[in-house]
Amino acid sequence: MLVIILVAIIVSVQANFAFAQTTAVSIPKGTSSPGCETKSSCFIPSNIKVSAGSKVTWKNDDTTSHTATSVDASAVPSGVFDSSILMPGKTFSFTFKNAGSYSYICMLHPWMKGTVEVTGTTTSSDSSKPATPKDSDKDGIPDTKDKCPKEAETKNGYQDDDGCPDKKPAGTTPSTSQKPTPGKDADKDGIPDEKDKCPNAAETKNGYKDDDGCPDKKP
Ligand SMILES: [Cu+2]
């Protein structure tokens, strides 16, 4: 009777912590010889399902050393977790923060295989990114380029691209902060600078290459 009550208490306690559980995995006796893999009993339980943020603890209940080492599809250590050599009676714990399916083996006895399936949401994943860039202050400059993402740009012809509220400094005319006026002709030869190969030297109008904007002599 007492046993039944104790079991009931343990079950209810585990249920309460279903979303931050600690799951125990045993490495049972005799697994250093092949055979356990036919019964999926090299790790017990060999396939577990936990929610993200849960801790899994492996305990070596055998009399020889083992490991629990995460591997990729080619059975190469993936680096997610590795108990390294786990002496008899010792434990190793790992907290699974990210959802996914994790295979692992014992490096000393490669027939020993297990999986941990981690369910639930991780932190923000790539798929949750909005299609349009986020613009918190709605000034038309996306947060990634906005030096003041929480404050709207003042559109006044002065630093309108930095995304920050500002006042036009006194004595600054818009033209000084802008590009040279198109059509400007520094050497006044009638050929605008953007077409003038020699913008600072006037064309020699002599019927020879009068369009390149450069001084020259007729050959
Ligand atoms: Cu082993």
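Visitor: Is histidine 66 buried or exposed?
Guide: This is a predicted model, and the values given here are computed from it. Residues under 20% relative accessible area are classed as buried. Histidine 66 has a relative accessibility of 0%, so this residue counts as buried.

Visitor: Which residues coordinate the copper ion?
Guide: The donor atoms lie at 1.9 to 2.7 Å from the copper ion. Along the chain they follow the spacing H-x39-C-x2-H-x2-M. The atoms concerned are ND1 of His66, SG of Cys106, ND1 of His109 and SD of Met112, and the coordinating residues are therefore His66, Cys106, His109 and Met112.

Visitor: How many residues apart are histidine 66 and methionine 112, and where does each lie?
Guide: Both belong to the set that coordinates the copper ion. Histidine 66 is in the loop between strand E3 (54–60) and strand E4 (69–71), whereas methionine 112 is in the loop between strand E7 (100–105) and strand E8 (113–119). The pair thus links distant parts of the chain, at a separation of 46 residues.

Visitor: What is the relative accessible area of methionine 112?
Guide: The cut-off for a buried residue is under 20%. Methionine 112 is classed as buried because its relative accessible area is 0%.

Visitor: Is the site of the copper ion tetrahedral or irregular?
Guide: Four donors count as tetrahedral if all angles lie between 85 and 135 degrees. Among the 4 donor atoms of the copper ion, the angles run from 92 to 136 degrees.

Visitor: Which residues touch the most other members of the largest nonpolar core?
Guide: In soluble globular proteins, nonpolar side chains tend to be buried together. The largest nonpolar core of this model has 21 residues. At least two of its residues come from each of E1, E2, E3, strand E6 (91–96), E7 and E8. The members that touch the most others are Phe43, Val56, Trp58, Phe96, Tyr104 and Val116.

Visitor: Is serine 46 buried or exposed?
Guide: Serine 46 lies in the loop between strand E1 (22–27) and strand E2 (47–51). Its contacts, leaving aside residues up to four places away in sequence, are Ser40, Tyr104, Lys113, Gly114 and Thr115. The side chain also reaches the backbone oxygen of serine 40 at 3.1 Å. With a relative accessibility of 7%, serine 46 counts as buried.

Visitor: Is alanine 24 buried or exposed?
Guide: Alanine 24 lies in strand E1. Beyond residues up to four places away in sequence, alanine 24 touches Ile44, Pro45 and Thr57. The C-alpha atom of alanine 24 is 5.9 Å from that of valine 56, 32 residues away along the chain. Its relative accessibility is 58%, so alanine 24 counts as exposed.

Visitor: Which residue forms a salt bridge with aspartate 61?
Guide: Side chains of opposite charge can pair when their charged atoms come close. The count comes to 1 salt bridge. The closest N and O atoms of the pair are 3.0 Å apart, and the partner is lysine 59.

Visitor: How many strands does the chain have?
Guide: Along the sequence, the pattern reads α-β-β-β-β-β-β-β-β. The chain has 1 helix, and the number of strands is 8.

Terms used
Residues numbered from 1 in each chain as written. Predicted model: local features only at pLDDT ≥ 70, side-chain atom pairs only at ≥ 80, totals over all residues. Heavy atoms only, no water. Helix = DSSP H or I, 4+ residues; strand = E, 2+ residues; numbered from the N terminus. Buried < 20%, exposed > 50% of the residue type's maximum accessible area, 1.4 Å probe, protein only. Polar contact = N/O pair within 3.5 Å; in protein donor to acceptor, adjacent residues only side chain to side chain. Contact = heavy atoms within 4.5 Å. Donors = N, O, S within 2.8 Å, 3.2 Å for Na, K, Ca; no water. Tetrahedral: all angles 85-135°; square planar, octahedral: opposite > 155°, others 65-115°. Core = buried A, V, L, I, M, F, W, Y, C linked by side-chain atoms within 4.5 Å. Salt bridge = Lys/Arg side-chain N within 4 Å of Asp/Glu carboxyl O.
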